[in-house]
Amino acid sequence: MHEELSTLKNQALAGLAEATDAGALEAWRIKYLSRKGGALSEAMKVLGGLPREERPAYGQAANEVKIALEAAFEERQEALKAAALAAELGGGALDVTLPGRPPALGRLHITTQSLRQIYAIYAEMGFQVYDAPDVETDDYNFGWLNIPPYHPARDMWETFWVTQATAGATTEGSPLLVMRTHTSPGQIRVMRERCPEPIRVILPGKCYRYEQVTARSEHQFYQLEGLAVGRGIRLTDLIGTLQQFARRMYGARRRLRVRGSYFPFTEPSIEADMDCILCGGKGCGVCKHTGWLEVAGAGMVHPIVLHNGGYDPDVYSGFAFGMGVERPAMLKYMINDIRYFYGNDLRFLGQFG
Ligand code: DAH
């Protein structure tokens, strides 16, 4: 073999042995194997200047060096890759014995938790859960509950009206729709469905009011309605039911008091308070120094409402009540701003349950 070629080969192989990373390897490849200006290409250029008879032997020898260097390059490349992989696996970059990261779990919304607690208490007293629609007609939300159009009691509920006009259609002749302002319209729906059977249901649901949002009131919030209809149901049954609820929800020693009130759909109407769960009636910030917390608005179902539900008020009687759902949770956890409930801040929601 030509001496220059064998020197080149030895030099190249020695250089390759020193290349210990991908960068050095690439530099080596450019230096010896690159078509443009690589040492081997340069050595090939000598060919033209040789005597004709020497050319084939030189050419063949140069080609053999090229094949040998290419093979050595590939081998070195593989060896470096394998070494890098072994270093990564053995070097502790991945410790498979570490405990896994826990997946983020969802949880029940605080309102759902409150609702379920309330369901459980009323279920023990024989109340079934009944679902009624969020969008109601004016008749269900007001009219059949003894709140006729232009009745001043409508001012008790600031109302979101639902526009029904769709392209090419008029609203004339179709009933007025509202986002229900309270869960009471469900009373009419249950009565019409169950009449003349006796009824003992609770109706949970979201209510909507066109009101300013403050720490104490949201424009969307939950209510829970209660309704019992049958023969011989009396005001004392209502008071006993609410008292049982207060005691099971807030502690066995709770006292209940009843005040006269007014709702168009009940007669007589009452509001029920319990002694403050924080101060026991002495007066504190939570009960605004009255010693009492409101539990529910309630009353005996008005004869007109019974009649609208299909029941003969001379034969049947019933009681109804309406209570907040966020409020028990606010009392339990001392939350002083209802806006947290639906602000969707996980830092708040993640604290419960
Ligand atoms: N619907 C009433 C409101 O939203 C609450 C209420 C009061 C419901 C008395 C009742 C009731 O069933 O008897 O303010």
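This is a predicted model: local features need pLDDT of at least 70, side-chain atom pairs count only at pLDDT 80 or more; totals for chains, interfaces and linings use all residues.

On the α5 side the contact involves I110, T111, Q113, S114, Q117 and I118, which meet E326, P328, A329, K332 and Y333 of α10. Of the residues in this contact, five are nonpolar, four polar and two charged.

The domain assignment divides the chain into domain 1 (2-90) and domain 2 (110-349). The C-alpha centres of domain 1 and domain 2 are 89 Å apart. A22, in helix α2 (residues 22-33), is exposed at 62% relative accessibility; its C-alpha atom is separated by 81 Å from that of D139, 117 residues away along the chain.

The structure holds 14 salt bridges. Three of them are listed here.

| Salt bridge | Closest N to O distance |
|---|---|
| R29 and E26 | 3.0 Å |
| D134 and R180 | 3.1 Å |

R29 and E26 are three residues apart in helix α2, about one turn of the helix. K66 and E70 lie four residues apart in helix α4 (residues 55-90), so about one helical turn separates them. D134 is in the loop between β1 (128-129) and β2 (135-137) and R180 in the loop between β4 (177-179) and α7 (185-194), so this pair ties together parts 46 residues apart in sequence. D134 is partly exposed, with a relative accessible area of 28%, whereas R180 is buried at 3%. Salt bridges with shared partners also join R257, R259, E271 and D273 into one network.

Key: Residues are numbered from 1 along each chain as its sequence is written. Side-chain values use heavy atoms; hydrogens and water are left out. Helices (H or I, at least four residues) and strands (E, at least two) are DSSP runs, numbered from the N terminus. Buried means under 20% relative accessible area, exposed over 50%, partly exposed in between (1.4 Å probe, protein chains only). Domain bounds come from an automatic or database domain assignment. Contact means heavy atoms within 4.5 Å. Ala, Val, Leu, Ile, Met, Phe, Trp, Tyr, Cys and Pro count as nonpolar, Asp, Glu, Lys and Arg as charged, and the others, Gly among them, as polar. A salt bridge is a side-chain nitrogen of Lys or Arg within 4 Å of a carboxyl oxygen of Asp or Glu.
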